[in-house]
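Please open the model in your viewer and keep the selection tool at hand. The stops below each begin with something to select.

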Amino acid sequence: MNFLANPLLSGRWLPGLPGQKSGEASSGQQALVSMMDPFGFGRAAASYWRDSIERSILYWDVMRVRGNQYLEHMELTKPSVLGFKTEVVMDGRTLAHPTNYELLRVLPPEGTHVDPKKRPFVVVDPRAGHGPGIGGFKPDSELGVALKAGHPCYFIGFLPYPEPGQTVEDVVEAEVEFLRHIISLHPDITEKPMVVGNCQAGWQLMMAAALEPDVFGPILIAGAPLSYWAGERGKAPMRYTGGMAGGSWITALTSDLGNGQFDGAWLVQNFERLNPANTYWKKQYHLYANVDTESTRYLEFERWWGGHVILGGDEIQYIVDNLFVGNRLSTAQLVSRDGRRIDLRNLRSPVVVFCSRGDDITPPPQALGWIRDLYEGEDDIVANEQTIIYCMHDTTGHLGIFVSGSVSRKEHSEFTANMDYIDVMPPGLYETTITHASERKDADLIERDYLLEFTPRNFDELDDEVHHRVDDDRRFATVARISEINLGFYRLYLQPLIQAMVTPESARFMRRMHPIRLGYRLMSDRNPLTVFLPMMAQAVRENRVEVSDDNLFKTLESFVSDQIVDGLNTFRDVRDGASEKMFLSMYGQPQLQAAVGLYGDAHVHRRRPGAEPEHLRFIEQRKEALREKISQGGPLEAVVRSIIYVLGGAPATDERNFKRLRASRAELETQTTLEEFKRLVREQFFILKLDREKALESLPTLLEGEDNAALDKHVQHLSQVFGASGELSERGAERFEQIKVLFDRARSPEKPVEASAPASVAPAQEAKVDVEDDASSTSADSAARTSAAGESVESAEDQQASSSAAALTKADEQSSPNETAAEKVEAPDADAKPSSDAGVTSAKASKAKAGGAKRTSTSRAKPRTRR
């Protein structure tokens, strides 16, 4: 039976085996085989035996190709896996503080048209052990969807080795210079570039935006950790690594052994240890089981996963001390070398946080916890004029957030399509949800396959994802103190000895002997034992006979594989659970916390940045300036203010309202740029929040000078904007009726517009009513309607206001300590009732609506008879 294991023999020697061509075995031979093996177990075993041997040869040949690919990739001067052609626009090595980063212009593929008038789109790749290019790895990627949308695209990548003396601040300053250069290349575009930062590049971009907010448009951070102490117990094992290692002294030791350079392969090894089942079995078995179809995809991914780069020792030490262990970025404790505080509250651009519940490297608490670290509540976000949006995927892993084709076609496509809408959204905290058009009743109103909706959120809802615990803060603060102590001892006693022993040659040898790097080298053509693999693999491909999926032994193989995966997952869970228990018990001891100077108070080390006196004074000055602008402006201000007010009664909003509003903006004010329009929207939002009563009363003043035809056109624009996403909610419809009445107060008295008569009033009787009598009779029964309208304004629906006025319908913005009682009275809260005039007119509108009245334009109105 040894011949059954020889994959080089033709199938004609095994009559009756599955996969054998017809006619190769006679009917007599088939009958003989069936008689000797009536149940087919022998034939199934022989087929599986041959198939397993063939797959083994093909698998090891793929490993050989992977090793050759790794060696070729590492010998390149600028290794990258970017799937698009590029040209260098700016080299970071030429800057005042040289870095190994460079700015590339992405050349559109053949057949792809780029509109030079559209906002530039920039992708920054993570430098966390791997090489650049993953953000544009394939057509369905972040760069791919932006190119398809017609945006000029740029890519910020890096070289394998850092420049001498390169620091994190040098990289941050280089990225700012790159963005300034991009802006200079597009002088006719007023919108700032949209910037995407993946993983490590996300927090790096946030640092840059905090220092230079004026060069950034909307910022999308995908899978980027910003709050390193955050996490849910039992689901974030990586955050305990620093404590279990005794702090960052191990990082300094590794850099010293590398002669001042840190091998990125160590970071990759840490990632792989998080999921031993996938690293040591599942990924490799998936290739082995599907070697005929999966080899190309596997090799493409391994080209990036195995493209390890080098980090500077100072860079990685800064990252570990200040971010991984110290958590100083999300608490505004970092200070640049020129004395500027790196405070994420300085960002002026909208921030979109994209994370996943299936991500074990950057779980949602670490991606969203910085919001909880910086702000007291959603009103604090509004006071800082920031727009923060988060989107959570349910299942995809860390790499899937910025690599998966399905994620790019859905989430990233929607983010790209909605960037202008995101850019003009008022301040507040929002969550996005993406639904397929086929799942909605208003599918005929949706232009693309998916719809991105924005729903306001509060901190109670955010805490459901962050899982913040004060006692965990104390433990991590203890780790940070112990890390400083251990690092000090290491630098005092061990570092001088190690640095004296290490040479550049020993550092290179250590990198080459790293287990991950060595694995690639051993399975390559440089190993003489692999010389026979190419010939054997070629012979197998020429005579390949695949076993069917229903083969008994193939099914048994899958079952055994699942058991191995379950066993490794159990080992992982036991290991992570033991590490967590040890960490919590060790660093939760009050005696240890007191010994390092905390005395059980984490806020000694970690604080939530409060409002500085200068910022409070600025807010007060801003309030005064806004009060002066309440009655200033024209029709565009009136329309925008009305839209924000009406959409404040809807539970959510989406891009369709914005598209119609943008079209209306072009008709109302053709010279207004999107940047100016953004300022206008935010200004009107704050005016409504500051004093909604006066803001509504001043609408007729803003419309002075407009004739009746123009007013009808404005109302028509509003109807089109609100109708773009379907019917208004009951609350929104009531507010729209109030706006219509306020617009009517600006009409010329010579040509009033008559609402159609209720069904219970005869047309002849209506003709006898004078304009003054109509106003008098309307005001007579408006008192009861005013009370109802006031109660409606005070309803709990305001807690779910739309993205165009999220904080508008909440309680009045948080009063500062310097605010006087008179000022508090002057700025009523968001639930204040409308003024008497506004209430009368609202009641009048509600009465007309109850009777079936419909407002018509001036051209369609019946002339009133006068006595």
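Predicted model: local features only at pLDDT ≥ 70, side-chain atom pairs only at ≥ 80, totals over all residues.

Residues are numbered from 1 along each chain as its sequence is written, and side-chain values use heavy atoms, with hydrogens and water left out.

Select residues 313–325, which form helix α11 (helices are DSSP runs of H or I with at least four residues, strands runs of E with at least two, numbered from the N terminus). At Ile 319 this helix bends by about 25°, the bend being the angle between axes fitted to the seven residues ending there and the seven starting there. Of the 13 residues of α11, 11 are buried (under 20% relative accessible area; exposed is over 50% and partly exposed in between, with a 1.4 Å probe and protein chains only).

Next, select Arg 541 and Asp 61, whose side chains meet in a salt bridge at 3.0 Å, N to O (a side-chain nitrogen of Lys or Arg within 4 Å of a carboxyl oxygen of Asp or Glu). Arg 541 lies in α21 (residues 533–542) and Asp 61 in α2 (residues 41–74), so the pair ties together parts that are 480 residues apart in sequence. Asp 61 is buried, at 4% relative accessible area, whereas Arg 541 is partly exposed, at 45%.

Finally, select Arg 50, Asp 51, Glu 54, Arg 55, Asp 292, Arg 544 and Glu 557, which salt bridges link in a network.
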